[in-house]
2 protein chains.
Amino acid sequence: MHVEIITIGNEVLSGRTLDTNFAFLARALEEASVPIGWHSTVGDTAERIADALRRALDRADGVVLTGGLGPTPDDITRKVVATTLGRPLQLDDTVLAGIRERAKRSGRKLPASIEGQALLPRGATVWPNPLGTAPGLLILEDEKPVILLPGVPQEMEALATAFVVPYLRERTGVAVESFTLRTAGVFESQLHERIGNLPQGWPGATLAYLPSYFGVDLRVTATGPDADLVRSVATRAHAELSARVGPVVYAEGGRAIEEVVGEALVAKGWHIATAESCTGGLLARRLTDTPGSSRYFERGFVTYSNASKTQLVGVDAGDLEAHGAVSAPVAEQLARGARARAGVELGVGITGIAGPDGGSEEKPVGTVFIAVSSPRGEAVRRYRFMGTRRTIRERAAQTALDLLRRELAGLPLDAKLEG
Amino acid sequence: MHVEIITIGNEVLSGRTLDTNFAFLARALEEASVPIGWHSTVGDTAERIADALRRALDRADGVVLTGGLGPTPDDITRKVVATTLGRPLQLDDTVLAGIRERAKRSGRKLPASIEGQALLPRGATVWPNPLGTAPGLLILEDEKPVILLPGVPQEMEALATAFVVPYLRERTGVAVESFTLRTAGVFESQLHERIGNLPQGWPGATLAYLPSYFGVDLRVTATGPDADLVRSVATRAHAELSARVGPVVYAEGGRAIEEVVGEALVAKGWHIATAESCTGGLLARRLTDTPGSSRYFERGFVTYSNASKTQLVGVDAGDLEAHGAVSAPVAEQLARGARARAGVELGVGITGIAGPDGGSEEKPVGTVFIAVSSPRGEAVRRYRFMGTRRTIRERAAQTALDLLRRELAGLPLDAKLEG
């Protein structure tokens, strides 16, 4: 079974809107072991949409179309699908009642055109949209599913998760179990070396290495006709993979490292303070991305100038002079000072050269010192990150979060595969 | 003339890699008035790539393929194109010499397979890659250009900018002039009302409204057979549009507002300090995104707890009690305190409710107070931003940057279309 995804919309075809809908759908379907064969993008043009649909029905075993289900005149997907498949639009009373109910609840005056969203191609099954007025639609055309989804990302994602993925997964007739282990602090090649041929012992399962500047995610997907067997393979794969890479795993599934750090802080009843130079507030921003972070994030210092390092967190002016602002003693004093001045249990300090200028032979661009201070003690580490100013800053913040996670968990600070 | 873009790569088809290459190419070609008719994505499979290429040659006037030009076994684009077009691969000595030269300069031992990148379909024109070993290739197949670009974004972008866009633009036979005015602080509907039918007076030119949470960009593209006429229409459009919306324009082209603020600070010889609560360091991070920002960014306070607001920048505890942390007096004292404690000319304070919890009837989620303090005086504004925790924080930071820009330029603080 191969599915084709068709994205519809001038804003996507013009490159103004990144097609995150496609990426979401493709990832969700891949995890459910529904293979994507093709992806096409067309503008809001009847002829192009019809052509893409016919072609997809010709070569794929199922089609998912996203976009063009809204109430404005350029939203023509429903109409084009109806014409192309010879299934005239018919008013669906239940959908209409739902639209009117939603309009009433919103208290806003909605344009009459919105009721056009209750006109559905004959024989379509309705998948109710929990977040909007345009439902998802399923049409079986010669046994091939044709699925229509709205282009608004949240609505598309809700419908894909609730209906599309389970439905297509069911149709593949195979059982699927998957899990993801998120690692930080080691390279893909090191993981590869450590894991070796392990996956060969997992019948029907594959291991994907997914690197980004947040680290390397390891995703295992087990599939097969026998659900019990698939489950047991996945369970064994989880145990064996964890035994090999456990020391560098910071989370499972889609959880971000700042959430893991936040939960550990709450669990210990600790608070945290940051002192950042080269990351300029990025670490504080990430720690406060999580809702409810005021339970553990006390304050942050963005100590960009040398004067601010001394005045705000008490970095010694002599050390700044002797070792430079980018140095181990300064990072340590940033962490220690942040912790002491804020009166909290955990302090972290970052100082480095994000570039593109400011590097030297001794301290090239990408050199970053990160220090942690807690009741367990103090430690500082030196790193050399590669990339642009942006990725160096991102990697520095991610590495600091991993150090904090290790400190909170009572683990050795250095990411090592063999522990 | 309609062009088709084909993205090649399993990592894109699986949704793991967002197709930013397509978005970049599409935007660049749109600005050059080269219309994109279709976009397709296929995996690293010979049959699928060949099929997509044949189909594109069938329906489009030109094809751009990205990806699959690297040295690894799954990079098969050159080979498939050679086979599909009946143009056997031939060794290009100049390209080979370039590859060897680059390998030597890098000082690294490169795999022998990298020399396979010098095998080109017969009759291909070489566009040298300034950043890597895989050159861009142009093949004219029955007068239709078939263009091959590497998938590494920086290399693709460099080749697209230097060769692809000018080449295809030339082929369209039309002259193009375009410009973008970036606005902040007003809604698309307000701009629409103010601009009205103005573009109808610009023969051959179109105006696109491009909203994001950084504001609304206005892009004008003038095209036509007569280059002089096109230029004069664009010049007039620029003058007329600027006259209507000038007061809310913060930049032209692709410049970010933090760069504009940074340049104004340098020009005045001023320094800045930030005090942020709900944005948690995001404003400091944006101000320090720009290389060289240490020339004007002195320090930042992330005053998340009430205690930190009082201790770090001297917010009055009584005001915190009486008005709450999210209030005009607290925002003012954050701005004033940041400026005074850092000993700089410009201070900015932000306090608000980013959500998803913590809202009340009087101060719902999205309520944000932003204050500015400078030798010109002090001011505070109240906003209500819509969206998720993330977008509320992004909008608050963007609005703060626009207030700073206005303060630095001596403009009235409030974004108003009619000056």
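Axes are lines fitted to C-alpha atoms, for helices over the stretch in contact, and angles run from 0 to 180 degrees between N-to-C directions. Helices are DSSP runs of H or I with at least four residues, numbered from the N terminus. The model is predicted, and local features need pLDDT of at least 70, side-chain atom pairs count only at pLDDT 80 or more, and totals for chains, interfaces and linings use all residues. Residues are numbered from 1 along each chain as its sequence is written, while chains are lettered from A and ligands numbered from 1 in the order in which they are written.

**View 1. Helices α2 and α6 of chain B.** The axes of α2(B) (residues 20–31) and α6(B) (residues 153–172) come within 10 Å and cross at roughly 25°. These helices are therefore roughly parallel (an angle under 35 degrees). Their crossing is right-handed, the near helix being turned clockwise from the far one by less than a right angle.

**View 2. Residues between α2(B) and α6(B).** From α2(B), Thr20(B), Asn21(B), Phe24(B), Leu25(B), Ala28(B) and Leu29(B) meet residues of α6(B), including Pro153(B), Met156(B) and Leu168(B) (contact: C-beta atoms, placed from the backbone, within 7 Å).

**View 3. Helices α3 and α4 of chain B.** The axes of α3(B) (residues 46–59) and α4(B) (residues 77–85) come within 9 Å, crossing at roughly 55°. In α3(B), Ala46(B), Ile49(B), Ala50(B), Leu53(B) and Arg54(B) meet Thr77(B), Val80(B), Val81(B) and Thr84(B) of α4(B).

Definitions and conventions. Helices (H or I, at least four residues) and strands (E, at least two) are DSSP runs, numbered from the N terminus. Two residues are in contact if their C-beta atoms, placed from the backbone, lie within 7 Å. Angles under 35 degrees count as roughly parallel, over 145 as roughly antiparallel, 65 to 115 as roughly perpendicular and the rest as oblique.
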